[in-house]
Amino acid sequence: SNDNGTISNCWNRSFVQTFIWTPGPPPFLNFGTGPSVDHTTGTTSGKYMFTDSPGFGGTAPITATFVSELIDLSPLDTPELSFWYHMFGNQIGTLNVEVNNGSGWTQIFTKTGQQQTSKIDSWDEAVVNLVNYVNDTIQLRFTGSKAVNGFNSEIAIDDVDIHELPSCPKPSNFSASNPTFNSVTLNWTTGGATNWILKYGTPGFASGTFVSATNNPFTLTGLAANTNFEIWIRDSCAAGEVSQWVGPIFFSTSCLPSVAPYAQNFNGTSFVPWTFSTQEGTIDPCFRRSAVSEYYWVPGPPPNTSFNTGPSSGYGGSGKFMYTRTNLFQADLQTTFSTLWIDKSSLAAPELRFQYHMYGISIDKLEVRAQSYDGTITLLTTITGQQQTSKTAAWIQKVQSLAAVNSDTFRLLFT
């Protein structure tokens, strides 16, 4: 067998026993790192290159290099490099890309730390202007590093392409943030234009809705609540001159705010505890949680019993609850569970009450924050270290004033 795969004779890679660039997908998937599909075909059968960790050893950071064949740029008037990358894994260090025209290596791109938060996250595109290398013959060098020893350090690249710079370059780094029940904030790096065109709809839409944008960031409004959306963008450089579309990116609007007084005990049918066949369980679609990977919030009770952590039952002796679950023996992990939006305008003196159980010597802390509708986040309370000394110990109630929350509409973040 060939554990390191085979690459083109015209490309070169460094050979480090514990870290090496190799063709993917790997025969055995690591759920804590790497992409779920390639970029070209979007399938599990498509290929890409990634940094593999076939064994332990060495002193972090450990690097691996992947060097291209010689590339003649003389046919291009204004050469441009593009490639796609996927960097999911909490042990990823840095991806550096360098170019050499015979006078030494020059860095042209760098990203540090994981850029995706799950295997199913979309690939990101990098676009680099190579105008300083017109008429040169160059090589590219991709250097990946892992910050600590371990297996969660797969940096993947795909669809490396050098081509003529378009007359209307497309935007890059397109992202969506702070979705509300009727809006979302969009950010991007322009290709050079000051006007942009957006198109959006539910995933897989045929025609969609078109919107012109003259500001970056841009707040897209008038969206339906509790709906999944797909959105694209392109530069509009001049009349009749537009770039290629960039996207899609996906986001979901939240549910309409619930009016206080509001209570949630997680006993409804929309919260389903995890099982051995459904590892993540199910949460109400109006709630949110961090990506399900190494450490995440799930509904309980669990199907098995851990004797050294967790409650023996829900508050009151029965029923469901939300708790943090881990798949790895690793420190310094955090995860967030977000409630739906709540309107407290009808309350004269609003306060938060919740029950908590924190048994386990590896527990660091629980932070509770309130996120206002304008995005402002207020720390409400921090509970540090284990608070119970056994699974059967009673739950503890926390009462917290919400006077510091400056917005009538907010949601709670448990981290």
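Which residues have the most contacts inside the largest nonpolar core? I found W21, F83, L95, F142 and I157, in a core of 27 residues. A nonpolar core here is a set of buried Ala, Val, Leu, Ile, Met, Phe, Trp, Tyr and Cys residues joined through side-chain atoms within 4.5 Å.

I then noted the elements that give two or more residues to this core: strand 4 (62-67), strand 6 (79-87), strand 7 (92-100), strand 9 (124-129), strand 10 (137-146) and strand 11 (155-164). Strands (E, at least two residues) are DSSP runs numbered from the N terminus.

I also found a second, separate core of 26 residues, with F271, Y356, A370 and I383 among them.

A note on method: this is a predicted model, where local features need pLDDT of at least 70 and side-chain atom pairs count only at pLDDT 80 or more, while totals for chains, interfaces and linings use all residues. Residues are numbered from 1 along each chain as its sequence is written, and side-chain values use heavy atoms, with hydrogens and water left out.

Next I looked up T214, in the loop between strand 15 (209-213) and strand 16 (218-220). Is T214 buried or exposed? T214 is exposed, because its relative accessible area is 52%; the cut-offs are under 20% for buried, over 50% for exposed and partly exposed in between (1.4 Å probe, protein chains only). Leaving out residues up to four places away in sequence, T214 touches T194, N195 and W196, where contact means heavy atoms within 4.5 Å.

My last stop was G316, in the loop between strand 22 (295-300) and strand 23 (321-326). G316 is exposed too, at 72% relative accessibility.

Note on methods:
Helices (H or I, at least four residues) and strands (E, at least two) are DSSP runs, numbered from the N terminus.
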